[in-house]
Amino acid sequence: MEHHELTSFFKKQLSGSITTQEFAQLKQLVVELDEQLVEQCLYEVWELYEAADKRNKMSFEAVRENLKRIIQPDLKKELPASPPHKASIQFGHTIQRVAAIIALPFMLGLGVYYFTKKSTINDFAKSQYSIETANGERTRIVLPDGTRVLVSANSTFTYPATFSKGSREVCISGEAYFDVIHNADMPFIVKSKEINIKVLGTKFNVYAYPDDEFFEVSLVEGKIQASLNHNNSKSYVLKPNEKLRYLYASNTFQKSRTDLQVETAWTRGDLYFQSEKLHTILPKIERFYGVKFAINGQLPDLRLTASFHETDVNEILRNLSVHYQFSYDKNGENINLKFK
């Protein structure tokens with residue numbers, strides 16, 4: 001019975017048809033069952049998977065190489081060099097096959113994917129995933145409970161392989177948009193450098209770049225509660241179309257209404273500036289397009305309100321050069337701005 005159930009779950013996971021409840025059961029079985037039984041089920045499913053679809057096989061080859069690069073050094077030494085034949089895509093360790101099969105549908109197309117504490121199958125179930133995006137990159141993630149997260153550029157998002165019974169805790173450094181699955185018995189907690197956000201089921205945007213001057217959370221649907229992570233005696237509850245900004249320097253909160261156009265623009269592929277100065281505009285362009293500015297001269301003090309939808313960075317530069325009176329030259333990702 002257990003053999004059949006585990007094999008069935010693995011097949012559904014590879015085909016992308018597994019439900020949230022079945023996915024939770026799969027991870028629980030991996031933890032509880034004898035390793036030899038898991039090994040046998042994995043081998044059977046993987047043999048079928050390899051023979052079924054050559055295109056998926058090529059996708060898994062990329063996943064395998066990604067896993068091989070990021071396994072901890074003590075495990076990486078155990079991996080043999082990959083000969084150019086079919087056996088090269090089969091892992092030598094159970095945990096690597098478990099990681100690949102469970103994670104495959106979520107890994108394709110993602111950026112850097114880190115696995116920690118992977119010496120045993122149990123360790124894998126308890127491990128933390130950390131996804132990093134570079135400037136110009138954005139990535140979508142489906143969490144173990146079905147919650148969907150869109151991670152913005154130059155961000156790090158960390159979450160566990162399996163949520164505990166009491167709560168669902170994740171960490172963000174940068175910016176992310178959350179669509180949280182409702183579960184009143186398991187509050188969803190988002191942790192950042194200074195602020196914790198507690199939700200039951202909702203949609204919201206978190207802006208938490210550690211080098212910026214402020215933290216900000218904007219609520220689209222539902223209800224959330226925000227408080228300092230080192231002192232939760234004072235908390236703020238947000239309703240839809242409200243945002244809360246925390247200023248790091250002054251240790252103060254600012255709560256206000258918003259139409260969410262600015263706060264969620266990036267999720268629609270838009271750049272939106274609302275009465276902003278150039279010193280805040282340029283870093284956003286760097287993150288959005290993956291470019292790097294070098295400044296010659298003094299930045300003007302003019303403010304700009306404008307929006308751009310999936311526009312080539314050259315078109316934005318042309319518009320900004322007219323407004324701010326500068327010349328520029330672009331060499332790959334490097335852009336030199338010269339102000340008069």
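Questions and answers on this structure follow.

Analyst: This is a predicted model, in which local features need pLDDT of at least 70, side-chain atom pairs count only at pLDDT 80 or more, and totals for chains, interfaces and linings use all residues. Residues are numbered from 1 along each chain as its sequence is written, and side-chain values use heavy atoms, leaving out hydrogens and water.

User: How many helices and strands are there in the protein chain?

Analyst: Helices (H or I, at least four residues) and strands (E, at least two) are DSSP runs, numbered from the N terminus. On that basis, the protein chain has nine helices and 19 strands.

User: Is Glu-263 buried or exposed?

Analyst: Glu-263 is placed in the loop between β14 (252-257) and β15. Buried means under 20% relative accessible area and exposed over 50%, with partly exposed in between (1.4 Å probe, protein chains only). Because its relative accessible area is 7%, Glu-263 is buried.

User: Which side chain does a polar contact of 3.0 Å join to that of Glu-263?

Analyst: A polar contact is a pair of N or O atoms within 3.5 Å; within protein, one must be able to donate a hydrogen and the other to accept it, and residues adjacent in sequence count only if both atoms are side-chain atoms. Contact in general means heavy atoms within 4.5 Å. Not counting residues up to four places away in sequence, Glu-263 touches several residues, including Glu-175, Asn-205 and Thr-258. The side chain in the polar contact of 3.0 Å belongs to Lys-243.
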